[in-house]
Amino acid sequence: MSFGGVAIPFVEHLGFKLMLFEGGASQIDYDPAPEHLNSFDVTHGGALMTLLDVAMAVAARSVAKEMGVVTIEMKTSFMRPARGLLSGKGRLMHRTATMAFTEATVFDAEGRACAHATGTFKYVRRLPVGPRETHALNQPPNQISTD
């Protein structure tokens, strides 16, 4: 699945479904698999943080679809155990030419808030992705680098 034209393998692995991507708003639905639960049999906090992060990033990108975003910082509060079908709703609160200030909340199927986050994202030009090449340093043979 593509998130606004961007394939994200980890998000695909979690099974996130993009429901809304427009006008500074996002919604991503998530039905956690058994392997996404913690020892208390509720959705793992790391999975919830990923849902919040992606919901905020998608909200930020929804007003600049040609751009990518990278997370600069994120603060998360967990309010109640998250069980069953979840929905992450993101909102772009403010943006500048290079930064997006966002928030997102994860709701359970009954509409109760389970977790909330605020985040700052930097807009970046999307670059082609593919195999990267590395080149050996030009140093004389038998010399050890000190870097």
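Trainee: Is Val69 buried or exposed?

Mentor: This is a predicted model, and in it Val69 has its place in strand S3. Since a residue counts as buried when its relative accessible area is under 20%, and the relative accessibility of Val69 is 18%, the residue is classed as buried.

Trainee: Which residues are the closest to the centre of the largest pocket?

Mentor: The largest pocket has a volume of about 400 Å³. It is lined by 21 residues, and those closest to its centre are Val6, Ile8, Arg61, Val69 and Arg126.

Trainee: Which element gives the largest share of the lining of the largest pocket?

Mentor: Two or more lining residues come from each of helix H1 (9-14), helix H2 (45-61), strand S3 (67-78) and strand S6 (113-125). The largest share of that lining amounts to 6 residues, and the element that supplies it is H2.

Trainee: How many residues of the lining of the largest pocket are charged?

Mentor: The lining of the largest pocket includes 14 nonpolar residues and 3 polar ones. Arg61 and Arg126 are among the residues closest to the centre of this pocket, and arginine belongs to the charged class. In the lining as a whole, the number of charged residues is 4.

Trainee: Which residues is Thr50 in contact with, leaving aside its neighbours within four places in sequence?

Mentor: Thr50 lies in helix H2, and with a relative accessibility of 16% it counts as buried. When its neighbours within four places in sequence are left aside, Thr50 is in contact with Phe10, Leu14 and Phe16.

Trainee: What is the angle between the planes in the aromatic pair of Phe16 and Tyr30?

Mentor: The count of aromatic pairs comes to 1, and its members, Phe16 and Tyr30, are both buried. Phe16 lies in the loop between H1 and strand S1 (17-22) whereas Tyr30 lies in strand S2, so the pair ties together parts that are 14 residues apart in sequence. The ring centres are 4.8 Å apart and the pair is edge-to-face, the angle between the planes being 70°.

Trainee: Why does the salt bridge of Arg91 with Glu103 tie together parts of the chain that are apart in sequence, and how many residues apart are they?

Mentor: Arg91 forms a salt bridge with Glu103 in which the closest N and O atoms are 2.8 Å apart. Arg91 is in strand S4 (residues 86-95) and Glu103 is in strand S5 (residues 99-107), so the pair joins parts of the chain whose separation in sequence is 12 residues.

Trainee: Which residues are linked in a network of salt bridges?

Mentor: The structure holds 3 salt bridges. Arg112, which is partly exposed at 38%, meets Asp108 in a salt bridge with an N to O distance of 2.9 Å, and Arg112 also meets Glu110 at 3.1 Å. Asp108 is buried at 6% relative accessibility, whereas Glu110 is exposed at 58%. The network is made up of Asp108, Glu110 and Arg112.

Trainee: What is the value of phi near which Asp41 lies?

Mentor: Asp41 is found in the loop between strand S2 (25-30) and H2, and at 54% relative accessibility it counts as exposed. Its phi is positive, although the residue is other than glycine, and the value is near 65°.

Trainee: What pattern does the chain follow when read along the sequence?

Mentor: The chain has 2 helices and 6 strands, and 37% of its 147 residues count as buried. Read along the sequence, the pattern is α-β-β-α-β-β-β-β.

How values were computed: Residues are numbered from 1 along each chain as its sequence is written. This is a predicted model: local features need pLDDT of at least 70, side-chain atom pairs count only at pLDDT 80 or more; totals for chains, interfaces and linings use all residues. Side-chain values use heavy atoms; hydrogens and water are left out. On a 1 Å grid over the protein atoms alone, a cavity is a set of points where a 1.4 Å probe fits but cannot get out, and a pocket is an open set with protein on both sides within 12 Å along at least five of seven lines; lining residues have an atom within 4 Å of a point. Grid points are joined across faces, edges and corners, and a volume is the space filled by probe spheres set on the points. Helices (H or I, at least four residues) and strands (E, at least two) are DSSP runs, numbered from the N terminus. Buried means under 20% relative accessible area, exposed over 50%, partly exposed in between (1.4 Å probe, protein chains only). Contact means heavy atoms within 4.5 Å. A salt bridge is a side-chain nitrogen of Lys or Arg within 4 Å of a carboxyl oxygen of Asp or Glu. Rings of Phe, Tyr and Trp (its six-membered ring) pair if their centres lie within 6.5 Å; planes under 30 degrees apart count as stacked, over 60 as edge-to-face and the rest as tilted.
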